[in-house]
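Here is a short briefing to keep beside you while you look over the sequence and the model. Take a moment with the view first, then read on by topic.

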Amino acid sequence: MRLTLYQVDAFASELFAGNPAAVVPLDAWLDDDLMRSIAAENNLAETAFFVAGDDGYAIRWFTPAVEVDLCGHATLASAYVLFDCLDFKGDTIVFDSRSGPLSVTREGERLTLDFPSQPPRHCATPAEVVEAFGAEPRECQMSADLIVVFDDAEFVRRVDPNIAALARINSRGVIITAADTQYDFVSRFFGPNVGIDEDPVTGSSFTQLVPYWAEQLSKTSFHAKQVSQRGGEVFCELKEDRVLIGGTAVKYLEGTIEV
């Protein structure tokens, strides 16, 4: 069986930046084990698969290890493929997912995700956090991921954490973040429990970071940056119980796989 595969740098305005995602359009769902194997073979943070339906598209996301409930950058990449490679007519695409309906709207080159807000709550600081980062954070918050807040944005940029210690924390991933002078806030995402030591740009993390920083900074619109090695700029806004997450994308590869 031959399938078309695209590789797209999401949250990037040029190649070799942002977060690379694989996108595989399907006529019908494949066996779960086969999709998991394709994702493992791609060895990217996420591989997205989508199938056309009556009112939009159904979408699923796989890391090299597991299927996940929500992924921002691979959704952005999938919308880019539909708009720019498969000639989708219209300005808004609706994806049906395990996290409910997710829309992506095109305005010029920018694509904006409309995702559910996931406000975090204060929690105790796990001992593994101090072990991993070698420093006591200002506070910790928990939502889909553990959010670790530091006072120093430069610390967030330069720290080289102990990944083994992070893997012992019972959450999908660990986000570190701080307020910044150039951006409203900066962040990084570590997900060893889902097969990703560090994710370059994590769209779904902003569904948690935006409501947190909205309360801290008393504002609802943000220009943020995930300060991984590749890095990616994100424009986001809190609108009631939704978070709008905007960015651009660039196609790196279009090819055929045989499975």
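**Strand β13 and its surroundings**

Strand β13 runs parallel to strand β15 (residues 221-226), joined by three bridges. Strands here are DSSP runs (E, at least two residues) and helices are DSSP runs (H or I, at least four residues), numbered from the N terminus. Two strands count as paired if DSSP finds at least two bridges between them.

This is a predicted model, where local features need pLDDT of at least 70 and side-chain atom pairs count only at pLDDT 80 or more, while totals for chains, interfaces and linings use all residues. Residues are numbered from 1 along each chain as its sequence is written, and side-chain values use heavy atoms, with hydrogens and water left out.

**Partners of β13**

- Serine 187 faces glutamine 226 in β15.
- Strand β12 (residues 174-179) pairs with β13 in the antiparallel sense over six bridges, and a hairpin of five residues joins β12 to β13.
- Within that pairing, isoleucine 175 has phenylalanine 189 of β13 as its bridge partner.
- Strand β14 (residues 196-199) runs antiparallel to β13 with two bridges, and glycine 191 stands opposite isoleucine 196 there.
- Four residues lie between β13 and β14 in their hairpin, and glycine 195 in the turn has a positive phi of about 85°.

**Burial of β13**

- Seven of the seven residues of β13 (residues 185-191) are buried, so the strand is largely enclosed by the rest of the structure.
- Buried means under 20% relative accessible area, exposed over 50%, and partly exposed in between (1.4 Å probe, protein chains only).
- Phe185, Ser187, Phe189 and Gly191 point one way, and Val186, Arg188 and Phe190 the other way.

**Nonpolar cores**

- A nonpolar core is a set of buried Ala, Val, Leu, Ile, Met, Phe, Trp, Tyr and Cys residues joined through side-chain atoms within 4.5 Å.
- The largest has 50 residues, of which Phe11, Trp61, Ile93, Phe95, Phe206 and Ile245 touch the most other members.
- Helix α2 (residues 72-85) gives this core its largest share, eight residues.
- Another core lies apart from it, with 22 residues, among them Phe150, Ala165, Ile176 and Val186.

**Cysteines**

- Zero disulfides (pairs of cysteine sulfur atoms within 2.5 Å) are found in the whole structure.
- Cysteine 140 is in no disulfide, and the nearest cysteine sulfur, that of cysteine 123, is 5.3 Å away.
- Cysteine 140 is buried, with a relative accessible area of 0%.
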